[in-house]
Structures are given as C-alpha cells and as structure tokens.
Amino acid sequence: MLKAVIFDFDGVIADAEPVHLKAFQAVLNEEGIELSKKEYYDKYLALDDKTCFASILKDRGIDFNNSLIYDLTVRKSRYYDEFIRKDLVVFPGVVDFVKKLYGKYPLSIGSGALRHEIEFILESIGIRKEFSIIVSADEVENCKPAPDVYIRVLQLINQLDFLKSAVIYPYECLVIEDSIAGIKAAHSAGMRCLAIANSYPVEKLSEADMVVKSLEGVKIEDIEKLF
C-alpha cells in the first residue's frame, strides 16, 4: 500500500536544470572550461554541485582540492540565485498534483539541490507547507545514484509526530524522478519510482515502475495501482 510520496526537485517540480547548467557554465567559463548542454545532460545532470564540479575537473585531467571545489560551488550558487529569479519555470500539473496528494500522504523532497534553492522556489509557487520533509544535497554524503537522500527522507518521515507509532517501510514509498540516476537511487533505497520525461525521453526512463510525459492528468489512483 502506498503510504508516502517523495519528490525529486529539479526536473520534477521546477524546470531548473537549464538554470543550473547556465550557472555551471558561467563559473566554468571563468576557469577557461567549456561545458556543453549535451555533456551536462548525459553525464552530470543528477549530481550535486560539489560532485559535479569534481567530476568535470577530473574528466578534464585538472588537479583540484576541496578549497577549489568550495570556491566553485559558492560562485555557482550566486549565479544560480541571480538567474532563477529571472527565469523561474514550474512544470505543468505540478502544483495541482501536489495539492491533490496533500493531506492524503506525507509529502517530502529528496534532492541534489541546495536547501535555500528548494525553499525559495516552493515559497514562490505557494506549496512550501505541503512538504513535511526536505532533504537537500548539503544533508547527505553521497549524491544520486546512491540512495542516501531517499533513505534519509524516510528516516525523517518516520519521526513525524502525526504518524504516531506507525512505521512506513521503503516498499510503501513512491519516488517521483526525472533522471536515470534518480530512478537507480529510488530502487536502491527499496522504493518504487514514477519517472517524468522532463529531462530524458521516455525510452531512457524504462527502469522506472511507471513513466509519464507530465504530471498533468496523472491521478492518485494511477500511482496507487503501483502498490
């Protein structure tokens, strides 16, 4: 039986991946490094900022240390905050879908984005209160496809007061994702996954338990059938 729904953030709720890419490119250009859209989507999409910068530098044979990675991520965050305020886009059907689920299931977010980025967008589109739990990139050790973020989300869900003595198990959770790495993370955490073809074509998301082109028109009964 379905008992909890966990959303990824970028690529599921907010169409922020193009903004992240633009911010990464701005910082990398300052370092004399080019990053194409295809390379970002093919190799780095689901990574948190620190892991993304480290992977890009490693792939290019550039030496780095923690201090450099920290500097790059701080600069990237500043660019992102500037860009997202000018170009905030929410995917169709998201707000209605969240509001339909609210009160029926505990709703949470498990994301590779930073907490302040998530909070800003949720507040801006009026659905912050619907989410009991947010776990962001700065709160787990390993990013997707590792299951850390979803394991941590469930730990916090099971600490919610309104659940009382009830325990929710991984197989009773649905994760909503947009990336291949995210699907792997959900399944590694023992959870089922609904994938939305916002960032990848449907055929590349076939490992998910259910794939849709948009949350628009998805009914609660549709996802409950997965359980």
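**Basis.** I number residues from 1 along each chain as its sequence is written, and I use heavy atoms for side-chain values, leaving out hydrogens and water. Because the model is predicted, local features need pLDDT of at least 70 and side-chain atom pairs pLDDT 80 or more, while totals for chains, interfaces and linings use all residues.

**Helix pair.** I took helices (H or I, at least four residues) and strands (E, at least two) as DSSP runs, numbered from the N terminus. The axes of helix 1 (residues 17-30) and helix 4 (residues 66-84) come within 8 Å and cross at roughly 135°; axes are lines fitted to C-alpha atoms, for helices over the stretch in contact, and angles run from 0 to 180 degrees between N-to-C directions. I noted next the residues in contact (heavy atoms within 4.5 Å). Helix 1 contributes Val19, His20, Lys22, Ala23, Phe24, Ala26, Val27 and Glu30, and helix 4 contributes Leu72, Arg75, Lys76, Tyr79, Tyr80, Phe83 and Ile84.

I found an open sheet of 6 strands in the order 3-2-1-4-5-6, with parallel pairing; two strands pair if DSSP finds at least two bridges between them. Strand 3 (133-135) and strand 6 (210-212) are the edges, each with a single partner strand, so one side of each lacks a neighbour in the sheet. The twist averages 20° from one strand to the next. Strand 2 (residues 107-110) pairs with strand 3 over 3 bridges, and Ile109 has Ile134 of strand 3 as its bridge partner.

**Helices on the sheet.** Helix 5 (residues 94-101) touches strand 1 (4-7), strand 2 and strand 4 (173-177), its direction making about 155° with that of strand 1. Helix 8 (residues 180-188) touches strand 4 and strand 5 (192-196), at about 165° to the direction of strand 5.
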